[in-house]
Structures are given as C-alpha cells and as structure tokens.
Amino acid sequence: MAASIDFTTRTVTGMNLVIWNCNQALHRKSERLLSLAPDVAIVPEAARQARTLVTKTTSSAWVGEEANKGLGIYSFGSYSLELHKAYDKRLQWVAPILVKGPRPFLLLAVWAMNHLATQSHPDQHKRGQVEAALEIYKNAIEESGQPLVVAGDFNGCPAWDKRDKHKRHASAVDALTRLGLRSAYHQIRKVA
C-alpha cells in the first residue's frame, strides 16, 4: 500500500496543530483550547454548534450523527478547511479535510470509535476505522499532492490489542508506517 507521495520530504512544520478530546461541553471549555493558539484544532466529542468556538474560527468542519457529540475540526488565522469530496460517512468519525493556508496539507482527522458507530463501512470491522480509512481514502491521499497528516483520538494502545483479537492499534500503526508517517509525539519525546 505504498503512496506515490514522498511523505518524508514533504512535511508540515511551523504550525500549531492541537488535538483535544473535549469530553463534550466544548462551549464551556473553549477558552482553554483557544489559549493554545491553534492554527488547526481537531476536537473529538464536540457539538455540531460549538457556539463560543465557531465564532472565533476562520472555518470549521464537523462529522457525526449526534448533534451534541461528533468530530469537530476548526481552523484559525490564515488557515481554512474543506471537507474532502471523498468523505464516506460510513467511516463515521474519520474525515479527510483539505487544509488550506500558508502550509497546505491533507488532514485525516480521527476519532476512532470502532464499536460505537451507528453505521459503518464493511471494511472497518476487520481492520478498524483508521486502517480502513487509509484504504478507502487512498486515491484522495495520492491525488491531493499535499503532505498527509493523520491526527486525532485513536482510542487505542498496544495494551488493548492484547485483549482484542483484531489488534487494531498495531495494525493501524503498521499501515501508517508503511505510508512513511511517524508519530510526532514519539519523535519529539524520542521514545519507541
């Protein structure tokens, strides 16, 4: 599953990307997020109408089924967002987003909730939402000509894979690694 884009040389740097699972009620907590001065924010568990936040953004995208709990993506300053036309709502909380601005890129925003989706893509039961999304959005990724950033709440860890016969987290990490992507968290902290 090799992509035609050289992700190792086409990177996104010099911007502030914030990921925060707000655990709902974003309208009461938005000042905390805004204090981080994000260029782009990915906020799982955000309401469709995040009242106090949306008025301060340059653009936003939101996906989900429940108006009070979905995946919100917000841009600020000189950045704007557009939900990619390839979005498949059967991958309920994984959204391809075109990020436009000084450093444009394709964002695959994630709130991996494999077991709670009211509808689902047939592929995600075997592989999980992240890995299924990488396959489903493969053409969009290759055709965008932009660096790829996959970010959000993956709701996974190696310890959970030991209990789950599908090993979804390890499989997703392997698929991301095959695309040449690396975990910014692990790279910055120099941990395995």
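Q: Which residue in S4 is the bridge partner of Ala-46?
A: The model is predicted, so local features need pLDDT of at least 70 and side-chain atom pairs pLDDT 80 or more, while totals for chains, interfaces and linings use all residues. Residues are numbered from 1 along each chain as its sequence is written, and side-chain values use heavy atoms, without hydrogens and water. Strands (DSSP E runs of at least two residues, numbered from the N terminus) pair if DSSP finds at least two bridges between them. S2 (residues 40-46) and S4 (residues 69-75) pair in the antiparallel sense over six bridges, and the partner of Ala-46 is Gly-70.

Q: What is the order of the four strands in the open sheet?
A: The pairing in this sheet is mixed. Its edge strands, each pairing on one side only, are S1 (17-19) and S3 (59-66). The order is S1-S2-S4-S3.

Q: Which residue forms a salt bridge with Glu-31?
A: A salt bridge is a side-chain nitrogen of Lys or Arg within 4 Å of a carboxyl oxygen of Asp or Glu. Glu-31 lies in helix H1, and its partner, 25 residues apart, lies in the loop between helix H2 (51-54) and S3. With closest N and O atoms 3.2 Å apart, the partner is Lys-56.

Q: Is Asp-88 buried or exposed?
A: Asp-88 meets Arg-90 in a salt bridge (2.9 Å, N to O). Buried means under 20% relative accessible area, exposed over 50%, and partly exposed in between (1.4 Å probe, protein chains only). Arg-90, at 33%, is partly exposed. Because its relative accessibility is 14%, Asp-88 counts as buried.
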